[in-house]
Amino acid sequence: MSENADDILLVKNLCNSFQGTPILRDIGFSLRQCEILCLLGPSGSGKTTLLRLIAGLEQEDSGTIAFRGRDIRHIPPHKRNFGMMFQEYALFPHKNVRQNIAFGLEMQHCPPAELLQRVEVMLHLVGLQGLGDRRIDELSGGERQRVALARSLAPEPQLLLLDEPLGSLDRTLRDHLTGEIRSILKKLAVTAIFVTHDQAEAFSVADKVAVLHNGVLQQFDSPEGLYRYPQNQTVAAFLGFTNLVDGSLDEEGFIHCLLGRLPFPGKAKHPWTKITLLLRPEGSKMILPAATTDPAILTVAGIITSRLFQGGSYRVTLQAGGDALTFDLPIDPPPPEVGVRIHLAVNPAAVIVLDQC
Amino acid sequence: MKPRTLLFSLPLVFLLLFYFYPLLRIVLQSFLPDGLWSPEKLENLWTSSTYWRILWFTTWQAALSTILTLLLALPGAYVFARYRFFGKNLFQALLTLPFVLPTVVTAAAFGALLGANGLVNTWLMRAFDLAGPPIRLDQTLAFFLLAHVFYNYSLVLRIVGSYWAGLDADLRAAARMLGASPGQTFFRITLPLLMPAVGSAALLVFIFCFTSFGVVLILGGPGFATLEVEIYRQAVQLYNLPMAAALSLVQIAVNFLLMWLHAKLSRKSPVAFYADTSSGTAIRPSTSWQKSLVGANLLFIFLLLVTPLLALAVRSISGEDGPTLAYYQALFRSDEDSLFFIEPIAAVANSISFALAAMVAAVALGLIASVFLASARGRSTAFWDAVIMLPLATSAVTLGFGYIISLNRPPINLRDSLALVIIAHTLVAFPFVVRCILPSLRQIPQTLREAATLLGASPLQVFRRVELPIISRAILVGAVFAFSISMGEFGASTFVTRPHTATMPVAIFRFLGQPGEMNYGQAMAMSTLLLLVTCTAFWLLARLEVRRSAPAKPLSKDMDHIS
């Protein structure tokens with residue numbers, strides 16, 4: 001991780017354990033002003049712990065956390081001026097909507113007139129105007145989520161931490177609110193860290209994505225970079241890619257695998273003898289047998305074992321060589337029925353060599 | 001009429017005969033003492049300052065006990081809610097002890113520890129060669145306040161502690177993230193959220209202390225009289241039945257008011273904001289401040305709950321010249337100058353037989369009432385629910401007094417019948433049994449019954465094959481509670497037992513009321529035996545629960561969502 005003048009949050013060599021079991025191992029990344037970072041990982045990957053360490057709600061074992069060039073490890077959470085949105089929102093049940101949003105401002109000794117005005121602005125921002133006097137248990141899930149967002153944004157935090165803020169909502173509402181959260185955060189130019197286990201959510205909300213697995217930071221990249229070039233098998237598996245093919249690399253720069261022989265895409269960093277290829281499912285086309293002789297294009301031949309219509313595409317699984325490979329094929333021309341042998345030209349951009357790990 | 005409704009008439013008839021009828025007689029007795037309308041006798045109640053003083057004293061001693069208990073128990077609640085420590089389960093088991101201890105045993109135990117003849121005084125006198133006991137608590141307010149704290153400490157700790165542990169830890173974290181210091185977080189978030197639990201616990205403590213009878217009578221001595229004690233004195237010692245009836249009326253009215261308040265309050269508490277898991281948030285004490293806080297509270301619990309009972313056991317085997325079993329042996333003799341017509345040990349047999357009979361009756365009636373209440377829907381349920389809980393709001397002394405003025409003549413004459421004791425105990429235990437069985441019966445999802453019905457089970461089979469196995473644990477708990485309530489019942493028993501049918505608490509009270517080392521020693525011995533019987537019942541229950549808990553668990557998890 002390069003140190004940069006624009007970085008406002010710098011995490012280095014962060015380690016944490018719970019009752020002797022390591023939760024986070026040697027985490028390091030940096031974040032720029034106004035960026036939204038997604039911590040993406042399956043449950044138990046340590047993403048919530050990382051968020052709580054940054055918040056100051058947990059104590060790290062070793063490593064540093066610096067904010068605007070200042071070590072914040074010994075600053076108690078209430079003096080960091082970071083906002084946090086909790087998984088179940090943690091709205092104060094004994095306060096109404098307005099009082100919840102006002103709490104952080106009261107802690108800053110905001111003058112009453114300004115406080116009322118700021119709360120109204122926040123209610124407007126999240127689209128809850130007129131609901132200020134509602135009790136928390138009178139709100140729907142989506143409304144609670146908005147109150148929680150408004151409450152954490154009202155004191156104008158230097159950094160907003162969001163712990164699976166959409167986890168308990170249904171799919172449609174989630175998709176809608178993801179976009180809304182991003183536009184609100186961008187509008188206010190808030191720097192934020194967003195924890196989620198849902199990659200679609202991460203891709204649509206984040207500027208940067210950090211994939212965590214078993215307490216190790218696997219990859220730190222832009223959403224597109226992550227999707228296009230997953231660094232290793234763990235990341236590929238987590239993103240839902242299943243077409244992994246083992247192969248080996250010869251001295252002339254060609255890959256040999258059960259599917260055939262093809263030139264190494266991009267530049268070889270290391271001369272491996274054993275490699276793993278990932279074939280992303282999109283962009284492949286059906287071709288006639290032996291229709292292409294271009295040695296740079298990988299062709300796959302196999303028998304269709306399943307064929308699911310998915311609206312914009314067909315998800316087709318082939319039995320090719322010893323592997324089951326899945327591709328999303330265009331609806332025109334429609335792929336033949338199960339049991340038919342077909343040939344595919346794989347999109348060269350969708351072939352990635354993974355790091356061994 | 002449905003069979004379930006028809007069955008429900010059984011507990012209703014029982015309540016009608018043995019609860020409402022005696023209460024009616026009390027009302028009649030106070031307004032129509034000689035069969036004539038003469039409220040003049042009642043005028044004493046308004047005009048004489050004595051009775052206002054009694055009511056005032058009853059109120060402020062209850063208030064003082066409540067405040068003391070809250071002050072001492074809230075730190076304990078915090079410790080149990082926030083920290084994990086070695087032996088927590090053991091301490092939690094220890095905290096159930098006061099619930100099952102008969103008041104008479106508690107009074108005797110505190111006497112054994114801190115009374116003039118108690119262990120601490122004896123040791124201090126021997127160690128420093130003193131002429132008289134240095135700690136003089138006998139017949140003082142402080143003595144029975146201490147016993148009230150003993151009784152209610154664990155109640156407050158349990159109610160507030162479990163509520164505290166259940167408060168979502170994220171609420172505190174959210175306040176911290178919004179800039180609140182730990183102190184601000186406590187006063188602005190945690191404390192307001194705890195208030196329903198604190199209020200509910202405080203009201204319960206107040207109710208218990210307001211109706212306190214045994215400990216005030218034994219530890220307070222003749223100088224102090226709560227309403228309960230005064231009813232007893234007017235009825236048993238002065239034989240002023242109209243006055244006793246009038247005081248009972250006051251007692252009933254105040255109790256109903258308090259219970260109504262409590263019911264209203266507990267309905268308001270926001271249960272929905274409990275977190276799903278409460279155990280996960282407890283931490284080990286790490287700083288020296290945290291360690292000393294936990295240590296101090298555990299030490300206090302030990303001193304408050306364990307030392308009196310140890311003192312009781314030790315005192316029961318220490319005579320003037322060292323260890324002796326003389327007191328136990330004396331329980332088996334029937335002396336000429338004995339307080340009893342028969343050997344005192346017969347009281348043990350009496351108590352156990354009464355308790356077993358009352359247990360069977362209370363469980364039978366409680367089960368029937370619960371089945372009805374669980375199946376009924378709508379507004380009427382709340383009404384019947386309240387009717388069944390009414391005996392809880394009536395003090396045992398009032399009840400016992402009502403029995404001797406109503407059930408000793410036609411139409412119901414049970415004056416010399418053993419059944420009177422059993423009926424009184426059943427009535428006292430019955431609401432507790434319903435409170436044990438009804439919640440678990442209500443937690444059974446309706447779909448479970450429907451599934452069984454569609455699989456071909458008749459209503460009776462549904463009950464026997466589905467409902468009964470699920471609630472068997474609750475029935476067992478209810479049964480053990482009924483047994484131990486009957487074993488320890490003192491207030492009503494002082495009225496309805498006869499010399500030859502004395503129960504253990506009554507026998508202990510008689511021993512304590514007589515002078516002499518031998519009588520005192522026998523009181524200690526009898527109390528120790530009662531303690532052993534009660535603890536054995538609960539130990540057996542715990543053993544059975546361990547064996548049964550395995551298959552019951554997965555189901556109860558699902559059922560949490562239903563209620």
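Predicted model: local features only at pLDDT ≥ 70, side-chain atom pairs only at ≥ 80, totals over all residues.

Me: How is strand pairing to be read, and which strands does E1(A) pair with?

Reply: Strands of a sheet pair through backbone hydrogen bonds, either parallel or antiparallel. Strands (E, at least two residues) and helices (H or I, at least four residues) are DSSP runs numbered from the N terminus, and two strands pair if DSSP finds at least two bridges between them. In chain A, strand E1 (residues 7-18) and strand E2 (residues 21-32) are antiparallel and share 8 bridges. Ser17(A) has Pro22(A) in E2(A) as its bridge partner. The two strands E1(A) and E2(A) form a hairpin with 2 residues between them, and Gln19(A) in the turn has a positive phi of about 50°. E1(A) also runs antiparallel to strand E4 (residues 62-67) of chain A, to which 5 bridges join it. There, Leu10(A) stands opposite Ala66(A) in E4(A).

Me: What is the strand order of the open sheet of 5 strands in chain A?

Reply: The order is E13-E12-E11-E14-E20 (chain A), and the pairing is antiparallel. Strand E13 (260-263) and strand E20 (351-354) of chain A are the edge strands, each pairing on one side only. From one strand to the next, the twist averages 40°. Strand E14 (residues 274-279) of chain A pairs with E20(A) over 4 bridges in the antiparallel sense, and Leu278(A) faces Ile352(A) of E20(A) as its opposite residue.

Me: How does one describe a helix pair, and at what angle do H15(B) and H20(B) pack?

Reply: Two packed helices are described by the angle between their axes and the distance between the axes. The axes are lines fitted to C-alpha atoms, for helices over the stretch in contact, and angles run from 0 to 180 degrees between N-to-C directions. Helix H15 (residues 346-375) and helix H20 (residues 459-488) of chain B pack at about 140°, with axes 8 Å apart. H15(B) and H20(B) are therefore oblique to each other; angles under 35 degrees count as roughly parallel, over 145 as roughly antiparallel, 65 to 115 as roughly perpendicular and the rest as oblique. Their crossing is right-handed (a crossing is right-handed if the near helix is turned clockwise from the far one by less than a right angle, and left-handed if anticlockwise). Residues are in contact if their C-beta atoms, placed from the backbone, lie within 7 Å. Among those making this contact are Phe354(B) and Gly366(B) of H15(B), together with Gly478(B) and Phe483(B) of H20(B). By class, the contact of H15(B) with H20(B) has 12 nonpolar, 4 polar and no charged residues; Ala, Val, Leu, Ile, Met, Phe, Trp, Tyr, Cys and Pro count as nonpolar, Asp, Glu, Lys and Arg as charged, and the others, Gly among them, as polar.

Me: How do H2(A) and H3(A) pack?

Reply: Helix H3 (residues 112-125) of chain A packs against H2(A) at an angle of about 125°, and the axes lie 10 Å apart. The crossing of H2(A) and H3(A) is right-handed. The contact includes Arg98(A) and Glu106(A) of H2(A), and Arg118(A) of H3(A). Its residues comprise 6 nonpolar, no polar and 3 charged.

Me: How are the domains of each chain bounded, and how many residues of each are in contact?

Reply: Domain bounds come from an automatic or database domain assignment. For chain A, the assignment gives domain 1 (1-80 + 191-235) and domain 2 (244-354). The C-alpha centres of these two domains of chain A lie 34 Å apart, and the contact takes 4 residues from domain 1 and 5 residues from domain 2. For chain B, the assignment gives domain 1 (1-31 + 344-563) and domain 2 (45-162 + 199-316). Here 34 residues of domain 1 of chain B are in contact with 36 residues of domain 2 of chain B. On the domain 1 side of this contact in chain B, H23(B) gives the most, with 11 residues. That side has 21 nonpolar, 13 polar and no charged residues.

Me: Which elements of chain A supply at least two residues of the side that touches chain B?

Reply: The contact takes 20 residues from chain A and 18 residues from chain B. Strand E6 (82-85) and helix H2 (97-107) of chain A each supply at least two residues of the chain A side. By class, that side has 12 nonpolar, 6 polar and 2 charged residues.

Conventions
Residues numbered from 1 in each chain as written. Chains lettered and ligands numbered in written order. Contact = placed C-beta atoms within 7 Å.
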